[in-house]
Amino acid sequence: MPNQGKDARGLPGAYRIGAWYHTSSRFGDQRFDNNGLSLADPQSTGIPLNHTGDSGVYGVIDQMLYRVPGSDDQGLSGFVRAGGVPQDRNLINFYADGGLVYKGLISLRPNDKVGVAAAYARVGDNARGLDADTGFFGNFFFPVRSGETMIEMMYQAQMAPWWTLQPEVQYIIRPGAGVLNSDGSLRPNAWVIVVRSALSF
């Protein structure tokens, strides 16, 4: 984590990389049954093939890009996060997000933050293959899931030293990565409005 000291000349940043492993022997395949047939096949047992173990890797970058002269932490910062897992036993096999946050944009509110961000979650090839198989075995208009994208804008207001209020607006492209509604219609893109409140004691 470079430039973290009080007298550091450069802009502070933090970089992390990691991995994890889960030892369970019961991770069901997203496409194939225990006989190797597609779960969409009428001849399938309906019991997913079990995989032993699950794992993933991830990386995080947090970096201040511009600091207001004379301040400690006011200015522009950016972040990027990404991670991946095996696609045969996980619905989502890749996720990434990133964004920009500016602290102190309004001079009269030096502790407020404004930010924009985007995120993407990709449906793995096995799950996509199951969707294609569902179409092949008779449900010809069944969509193949792809991924979900989120775009977000937020403003975090420091209402008191112990209280922050954060309204957000999000736009979700392909909610659920393109799944159908219960009535069989395609799920449209969606707006989400959120207000978060945090108290510190």
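Residues are numbered from 1 along each chain as its sequence is written, and side-chain values use heavy atoms, with hydrogens and water left out. In this predicted model, local features need pLDDT of at least 70 and side-chain atom pairs count only at pLDDT 80 or more, whereas totals for chains, interfaces and linings use all residues.

View A. E168 belongs to strand 9 (residues 163-173); strands are DSSP runs of E with at least two residues, numbered from the N terminus. E168 counts as buried because its relative accessibility is 3%, buried meaning under 20% relative accessible area with a 1.4 Å probe and protein chains only. Its side chain forms polar contacts with the side chains of Q166, at 2.5 Å, and Q170, at 3.3 Å. A polar contact is a pair of N or O atoms within 3.5 Å; within protein, one must be able to donate a hydrogen and the other to accept it, and residues adjacent in sequence count only if both atoms are side-chain atoms. Leaving aside residues up to four places away in sequence, E168 touches E152, M153, M154, V192, I193, V194 and R196, where contact means heavy atoms within 4.5 Å.

**View B. Packing of helix 1.** Helix 1 (residues 125-136) contains 12 residues; helices are DSSP runs of H or I with at least four residues. Its buried residues are N126, A127, G129, L130, D131, D133 and G135, and these pack against strand 2 (27-33) and strand 7 (113-123).

**View C. The residue G138.** Just after helix 1, G138 adopts a positive phi of about 130 degrees.

How values were computed. Buried means under 20% relative accessible area, exposed over 50%, partly exposed in between (1.4 Å probe, protein chains only). The expected span of a helix is 1.5 Å times one less than its number of residues.
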